Amino acid sequence: MILLYWDKTTWYALGALSSSLQQYNLPYKIIRGDPIPQIQSLLDQGLHVIYGESARITTMDALKERLKQLKAHISSPRLMTVVGGPSASGAPEKILSLGADFVVIGEGEVTFPKLVQTWIKANFQKKYLNSLPGIALFDEAGECIQTPSRPRINLDEYYPYSDNEEFPLHPPIELMRGCAFRCRFCQVPYTYGNPRFRSIESITKIIEHYVHYFKPLKINVDIRFIAPNSLGYMEKKRGQPNYEALANLLRHLSQYEIRLFFGTFPSEIRPEYITEQTISLFDMITNRQISVGFQSGSDRVLKEMRRGHSVADGLQAYDLLVSQGFTPVFDFLLGVPSETTAEQWQTLTLIRDLGRKAQTRLHYFIPLPGTPWEASPSSPLSSEIQSEIGRLAKAKIVRGAFARQLQIALKGK
Ligand code: SF4
């Protein structure tokens, strides 16, 4: 039996994973809370158990504790622990050291079911799994080995949701995976490479399922998308929105009786992709708030980040959105390596200035595994900077998980 651990920040991954397990006819359960009694109960019934989690930087402390407790309470060759997700892919050795048997590197849709199938075929001997592509494990000498990567999947062949009656999961629809940009703080391009897109036909099929599923349950069927750069959907050249494909997608979806939310996830739209032409497409969407990754008020810092856009691009996105009656929701990142106090003030001054008509989600830089800045410490914030952030929060100009991110970053030092 496969047990997948549900967490509020990682459950989107479980939609795709459980759908894939269904395709491979592998039985699974989604579990919450303490996994130990649930695992023990299955072991007591004589079953073999695969315990799987997806790891993000925000779940690392809890994952560490769960793996520690598992190790302390259960020692059975019939249990296999597998961890995937961006924080596992970027630092597999660390995850294995915490007690996981295997790490799935990158996409899990094929690798995870194959890992389970191979374990079963190998008569539940973990030592025979060391040639399976796309994983990391400790060999018999205790060395971390990473097997060759697996070809990237065609998104159209996999669904992001699960219609399992007992464990239904309907996350936002992944429009694309990977990114053509290479921002130094971001795990997306280093985990998933260049973008691949889900076709309109595949998106339509998924939406039809969501409509069918939610219509009897809710007054409105809300469709949300998730994408690293949603206005980059189907682009042929980096930085040049494919207007025809975007128009085609949104026009096509407008025929359904749904509320369509597009560009609502943090940093989902890059500022330079907001143009008069692309903004005209927003007549077909429901939301009036548009999330844009602005990231810094300093051109030097944007360059350091390798963002590939300028402060002027962000200001132009602001003007265009506001002039058309939209509220920009900007994401800014403070504390990146080499950022000076003067540059932090530039960002905060800009946020205050934009705060008349825009909202800001403020983030604090955390070095993420697998990124070019994974070993670069964050820049500290002076007490004056922290006070100004407090004032901006009080004035409801900034929101976001800044305090929590600051805590994680300080802990990592
Ligand atoms: S921050 Fe956005 S644009 Fe930059 S690499 Fe990540 S997903 Fe791509």
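Helices α13 and α14 are roughly parallel to each other (an angle under 35 degrees; over 145 counts as roughly antiparallel, 65 to 115 as roughly perpendicular and the rest as oblique). Their axes cross at roughly 10° and come within 11 Å. Helix α14 covers residues 383-394. Helices (H or I, at least four residues) and strands (E, at least two) are DSSP runs, numbered from the N terminus. Axes are lines fitted to C-alpha atoms, for helices over the stretch in contact, and angles run from 0 to 180 degrees between N-to-C directions.

The model is predicted; local features need pLDDT of at least 70, side-chain atom pairs count only at pLDDT 80 or more, and totals for chains, interfaces and linings use all residues. Residues are numbered from 1 along each chain as its sequence is written.

Which residues of α13 and α14 meet? From α13 come T341, Q344, L348, I351 and R352. From α14 come I385, E388 and L392. Contact here means C-beta atoms, placed from the backbone, within 7 Å. The contact of α13 with α14 divides into 4 nonpolar, 2 polar and 2 charged residues. Ala, Val, Leu, Ile, Met, Phe, Trp, Tyr, Cys and Pro count as nonpolar, Asp, Glu, Lys and Arg as charged, and the others, Gly among them, as polar.

A second pair is α8 (residues 200-214) and α9 (residues 243-254). Their axes lie 11 Å apart and pack at an angle of about 25°. That makes α8 roughly parallel to α9. On the α8 side, I200, T204 and I207 make the contact. On the α9 side, N248, L249, H252 and L253 do. By class, the contact of α8 with α9 has 4 nonpolar, 3 polar and no charged residues.

Helix α8 also holds E208. E208 lies 38 Å from R66, C-alpha to C-alpha, and the two are 142 residues apart in sequence.

Is E208 buried or exposed? E208 is exposed, with 11 other C-beta atoms within 10 Å. A residue is buried if 20 or more other C-beta atoms lie within 10 Å of its own, exposed if 12 or fewer, and partly exposed in between.

| Residue | State | Other C-beta atoms within 10 Å |
|---|---|---|
| E208 | exposed | 11 |
| S338 | exposed | 10 |
| A358 | buried | 23 |
| Q295 | buried | 26 |

S338 sits in the loop between β14 (327-334) and α13. Its phi is positive, about 75°, although S338 is not a glycine. Q295 belongs to strand β13 (residues 289-295). The phi of Q295 is near 75°, again a positive value in a residue other than glycine.

A358 is placed in the loop between α13 (341-354) and β15 (359-364). Not counting residues up to four places away in sequence, A358 touches Y318, T327, P328 and F330. Q38 is 320 residues from A358 along the chain, and their C-alpha atoms are separated by 47 Å.

Last, the ligand. Around the ligand are C179, F181, R182, C183, C186, V188, P189, P228, N229, S267, R270 and G293.

Technical notes. A residue is near a molecule or strand if its C-beta atom, placed from the backbone, lies within 6 Å of it. Two residues are in contact if their C-beta atoms, placed from the backbone, lie within 7 Å.
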